[in-house]
Amino acid sequence: MTWVEFSYLIPIIPFIAFLIVAFFGNKMKEGGAPVTIAAVASTFVLSVLVLFDVYQNGSYETSMNWIGGTGLEVGIFIDNLTALMLIVVTFVSLMVSIYSLGYMHDDPCKRRYYAEIALFVGSMLGLILANNFLLMFIFWELVGVCSYLLIGFWYQKPAAASAAKKAFLVTRIGDVLFLTGIAMLYVKFGTLNFVELEHLMGHDVQGLLLPALLLFAGAVGKSAQFPLHVWLPNAMEGPTTVSALIHAATMVKAGIYLVARSYFILEHVPDAFLIIAIIGGITALMAATMALVQYDIKGVLAYSTISQLGYMMLALGAGAHAFGYTAGMFHLMNHAFFKALLFLAAGSVIHAVGSNDMRKMGGLHKHMKITSITMLIGSLSIAGFPFMSGFFSKDEVLSSVWHAAADNNIYYVLYAMGVITAFLTAFYMFRLWYMTFSGEQRDKSYHPHESPKTMTIPLMLLAILAAGAGFSFFFGFQDFIYFGHAPHVTIVHMFEMWQTWLSIAAGLGGIGLATLVYYKGSISPSVFTAGPGRRAVRHMLEMKYWMDEVYMAIAEKGVYGFSLLMDKFDRKVVDGAINGISSGGIGLGHASNEFDKGVIDGTVNGLSKASFKGGKLLWNLQSGRVQDYASVMILGVCGLIVLMMLTGVI
Amino acid sequence: MAIADLPLLTITLLIPVIGTLFVFFMKNEDNAKKLALIFSLIPLGMSILIWSLFEIGGGYQFMESHTWIESIGISYTVAIDGLSLPMLFLTTLLIPLSIVFAWDTKKRQKEFFGLLLMIEVGLIGVFVSLDFFLFYIFWELVLIPMYFFIGIWGGPRKHYAAIKFFIFTHVGSVIMLLAIFALYFESADMLGYATFNMMDIATVSPNFSVAFQGAAFLALLFGFAVKMPAVPVHTWLPDAHVEAPTAGSVILAGVMLKMGGYGLFRVGITMLPDGALEYYWVMAALGVVGMIYGALICLAQVDLKKMIAYSSISHMGFVLLGASTLNLIGVAGGIYQMFSHGIVTAVLFMMCGVIHHKTGTRDIPKLQGLITKMPQASFILIVGFLASLGLPGLNGFVSELMVFVGAYEAYSILIVVPLITLAIGAAYYIWTMQRILMGDFNKKLGNVTDLEKYELIPLAILVVFIVFLGFYPNPLLDVIYPAAEAVLGGVVI
């Protein structure tokens, strides 16, 4: 007996918790929170056991037929990648659900919250465990719905309702393309099973570019990559715990996971790798620039998430030879820890301040030391401070891009973009930390206090991982998560490379500049707006490159405007034609002087002329008497019989 | 004697006939609904019994054939196969649910519930008949009660809507009838005897000349397209729905539209394979235009019920697209879509009825924040919307996926055009949800209460179907697949 045989319980337990909380949560403590937390905790334990099993015995698959006759199946596939994702997702989910005890304590709709969280966790785990693209897509959509429901959790707020809609619709565009890609693979290979597809790939690699890119389009929507990133900043309208869990640590990683999972397809289409890397690079840099001008503490973290997701995509786009797979997944894991930490710490701040606006904060360090220090650790980690987890994974990402440049010069440009992003990341994170915790409290209207233990303990646990998880790379990670053959990087080797020193310089440079501007005050923030050119750049960043405006114009003026036009066309032209035909009937009607009730009767009569060849019968019909109608039918039948007799059939 | 030897289909057909008469002529008006419910539950029981006895892949079963008017080859022939069984079940399911849903109808109850049973007679008849003469009688029989239904219990423009509905569908029927006669005469030459028996005609009709098959197919397609309905002969549908009482809309969209699709598979493609091959592109064009056009118009609607009516046009486009692929998965997907749309649209129209009933309006801009007052109703509406927009795990997804896979096989990358519908479909549903469910409750709507028990029960049953079939479509697909094979039996690509 092995633990993987029980892996089907991993998604099922949260689903059962969902049902229990949904139906009986109101009668339980904290709206059913203990049920959800216990369920998530047990999935974490199971995931750890599964990880050991996979480590010892290799991958595992089980499946059963789902839609008869189509080869579509329901099943579980667990390999190293799956096991890693399971650990990351269940751990972060556990931290967030414990933290929620404090954060959501005063919310009147706790039952709905914990039910939806359980549903989300189950769906997310299902997505990870799926053994084929279709099943993955099913859960992919389910997590999308959970995201929709949780962004709109405070549905009375118009901004939340509208953000939920936006998230659903923007990701839907990616989903439709993803589904097209799935249909193409199915028609081409007759299966969607990962293992079977991988075997078939060896024989037929023609025409894979389009399906590969369509799969990637799904990832672009889900993982908020340019140009479909616009939904993620608005998604922050949901509770901060939701932002931490769904929109930073887990669901948005589904796109990254999809690309990693599709590596066996992508390796046959090198062009796809390049496109993935370019999209990732643009996303990373663009989002980092937008994070610079945010005053909303969650807004900074949202753009930062987009940027870091771009980083992962960039690494995956570096390709199999350059160990982009290992680097990207390593960054995914570290990012899950430090970004969940940052969001939860921000939630702790918001809990104390009652606002997201950093301009009202400042000087919070003395009031909430645990939050402040854990957030500092998270910031150092994401900024790439040496030996923190973010340092190692960022370095691996950049190093894989550099390796890929040996085959294609475009990767040099992407490498430069990555280094600039690293600098910007360090800067905006420390801008955030200083504005929040250092100096004097700018708005004195509230009395900050440290959050309860249910919130600070998850922060501390996450902080340990955000600081230390990076070393795992040299103690097993790189030999466990790889595609093709494992990289063999040592710490010593890392520091022999000038690229490592460059990325350290970028990170420290960013931290240093932020310190000068927002801590020491030796450089005034107004330098960023000195002169019309700088003001224009700043305005462009504040307007988010006007992408929301462009999409709104397409949606409102384009699609909705067109639909109004079509509606008018339907009423005036299509239906009008019918009424026009009936006008002819009116003329005939006048002749017999029997029907004169205008268009309505005209409609009837005009068309009925054609079918009955006589207005009189119809007049009777309109009277609504069944026997009249029956007599028409009988007459018709009689006529037919006569006709048949005449033609000699009978 | 075994149960299977009983004339099960005739019994299923006769019980609502008797029910109609009883309900019409009973003395106590208030008991009409109870009697009607009993008489509609028996056919439901019968169709479950038939399903349990049904042999998967066994072709036509439970056949009864009796000569009726021998001289012109008319017989009473009824049977059931994998194509008609889901439709029979859908009919016998939706009728009792509509009766329960309409429990508080006050106006002319005897006629209301009697006519519902009469509609059931016509619908069952259409789905079990294997004789064209019988088929046509039932086909027309459905129209009459529905005409009265809209005309008596309808909204302000009920007379216009009822007459428009009647004329449109009747013109479609007449053209279909012409095609049936053409088949009758043409087959008489080949068979050596004249018959309206569909199975007999089907043995020779694939051998008809391509030109003849093409012409007959187009005539049939016109008749069925009106019924489904396809753009541009769809304008009767929104009017009929807007005016019809909820039970009428449920049956109209839930089952009556499927008569068109059923006819297309049963008569059009099965009997005239060369005609279908010749004009598959007409079906594809009608289907895709209907899908996108219907979806776009949904976006513009202010009246919730009209939006759902147009969404039916969009979703029935999937049936046409599936049929046009002429491959197994596409056709099976089209058949499945008829069933799943029947279930989902019933939920949506019922919810429309609930909202109108409770708030007094169906205007989307006037409705706001209903979640706060009607959590149960909102939950069901969300499930219905998500099923309708094709969310995986709910039944709408299965058929849409199958149709798209079939369409990809047939048309390759061109399927991105109909795929746009999925995005627009999400847009109008999600946007509507935002507008009517979320936000602060609109206080002008007054004292709004959640679902009554007689509303909740039918809705809950349908939701169970939506979720169950979304996760486990096999019971239905196992029945449909062999039927789709039979439909394509004569099609040689």
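Trainee: Is the crossing of helix 14 of chain A and helix 18 of chain A left-handed or right-handed?
Mentor: A crossing is left-handed if the near helix is turned anticlockwise from the far one by less than a right angle, and right-handed if clockwise. Helix 14 of chain A and helix 18 of chain A cross in the left-handed sense. Helices here are DSSP runs of H or I with at least four residues, strands are E runs of at least two, and both are numbered from the N terminus. This is a predicted model, in which local features need pLDDT of at least 70 and side-chain atom pairs count only at pLDDT 80 or more, while totals for chains, interfaces and linings use all residues. Residues are numbered from 1 along each chain as its sequence is written, and chains are lettered from A and ligands numbered from 1 in the order in which they are written.

Trainee: At what angle do helix 14 and helix 18 of chain A pack, and how far apart are their axes?
Mentor: Two packed helices are described by the angle between their axes and the distance between the axes. Axes are lines fitted to C-alpha atoms, for helices over the stretch in contact, and angles run from 0 to 180 degrees between N-to-C directions. Helix 14 (residues 297-317) and helix 18 (residues 410-437) of chain A pack at about 160 degrees, with axes 11 Å apart. The two are therefore roughly antiparallel (under 35 degrees is roughly parallel, over 145 roughly antiparallel, 65 to 115 roughly perpendicular, the rest oblique).

Trainee: Which classes of residue make up the contact of helix 14 of chain A with helix 18 of chain A?
Mentor: Two residues are in contact if their C-beta atoms, placed from the backbone, lie within 7 Å. Helix 14 of chain A contributes residues including A:Ser304, A:Ser307 and A:Tyr311, and helix 18 of chain A contributes A:Gly418, A:Thr421 and A:Tyr428 among them. The contact has seven nonpolar, six polar and no charged residues (Ala, Val, Leu, Ile, Met, Phe, Trp, Tyr, Cys and Pro are nonpolar; Asp, Glu, Lys and Arg charged; the others, Gly among them, polar).

Trainee: How do helix 14 and helix 20 of chain B pack?
Mentor: Helix 14 (residues 328-359) and helix 20 (residues 474-487) of chain B pack at about 125 degrees, with axes 9 Å apart. That angle makes helix 14 of chain B oblique to helix 20 of chain B, and the crossing is right-handed. Among the residues in contact are B:Ile335 and B:Phe339 of helix 14 of chain B and B:Ile480 and B:Glu485 of helix 20 of chain B. By class, this contact has 13 nonpolar, no polar and one charged residues.

Trainee: How many residues of chain A are in contact with chain B?
Mentor: On chain A, 53 residues are in contact with 52 residues of chain B. Helices 5, 6, 24, 25 and 27 of chain A each supply at least two residues of the side that touches chain B. Helix 6 of chain A gives the largest share, 14 residues. That side of chain A has 34 nonpolar, 13 polar and six charged residues.

Trainee: What is the secondary structure of chain A, and how much of the chain is buried?
Mentor: Chain A has 27 helices and two strands. Of its 650 residues, 55% are buried (buried: 20 or more other C-beta atoms within 10 Å of its own; exposed: 12 or fewer; partly exposed: in between; C-beta atoms are placed from the backbone). A:Val21, in helix 1 (residues 9-24) of chain A, is buried with 29 other C-beta atoms within 10 Å. Leaving out residues up to four places away in sequence, A:Val21 touches residues including A:Val35, A:Arg111 and A:Tyr114.
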